[in-house]
Amino acid sequence: MIEDVTGKKEIKAIEVFQHAIKYFRDLMLNTNEKKGLGVEEKNIRWVLTVPAIWSEPAKQFMTEAAELVIMGFVIFMFMSAVIHLLND
């Protein structure tokens, strides 16, 4: 659980990360729509990166948070370097 600055309210950590991931997903989808790019979500490869030095439970936590937002469309690459996405 994560407390707010007043210490009066708590929220589950996974919900905080879920909302952050959803924000970036929605931002990308809205930008796609506004620019009229015509890219369908089913054709998007979602990639979430985490540092390689993270523990397995931390990686699993991020996986679970992302899957709450992007079910079935998530590909995770756990690496310590910048990822370059290549066209298939």
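Here is the tour, with a few notes before the stops.

This is a predicted model, where local features need pLDDT of at least 70, side-chain atom pairs count only at pLDDT 80 or more, and totals for chains, interfaces and linings use all residues. Residues are numbered from 1 along each chain as its sequence is written, and side-chain values use heavy atoms, with hydrogens and water left out.

**Stop 1: charged pairs**

Side chains of opposite charge can pair when their charged atoms come close. How many salt bridges does a search of the whole structure find? The search finds 5, counting a side-chain nitrogen of Lys or Arg within 4 Å of a carboxyl oxygen of Asp or Glu.

Start by selecting Lys22 and Asp26: they form a salt bridge, with the closest N and O atoms 2.5 Å apart. Both sit in helix H1 (residues 13–34), and because they are 4 residues apart there, about one helical turn separates them. (Helices are DSSP runs of H or I, at least four residues, and strands are runs of E, at least two, numbered from the N terminus.) Lys22 is partly exposed at 39% relative accessibility, and Asp26 is partly exposed too, at 21%. For these labels, buried means under 20% relative accessible area, exposed over 50%, and partly exposed in between, with a 1.4 Å probe and protein chains only.

Arg25 counts as buried, at 16%.

**Stop 2: along H2**

Next, pick Glu56 and Lys59, whose side chains meet in a salt bridge (3.5 Å, N to O). They lie 3 residues apart in helix H2 (residues 56–69), about one turn of the helix.

**Stop 3: the nonpolar core**

Select Ile21, Leu29, Ile44, Trp46, Leu48, Val50, Met62, Ala65, Ala66, Val69 and Ile70: these 11 residues make up the largest nonpolar core, a set of buried Ala, Val, Leu, Ile, Met, Phe, Trp, Tyr and Cys residues joined through side-chain atoms within 4.5 Å. H1, strand S3 (46–50) and H2 each give two or more residues to this core, and H2 gives the most, with 4.

Finish on Val69. Leaving aside neighbours within four places in sequence, Val69 is in contact (heavy atoms within 4.5 Å) with Gln18, Ile21, Lys22 and Arg25.
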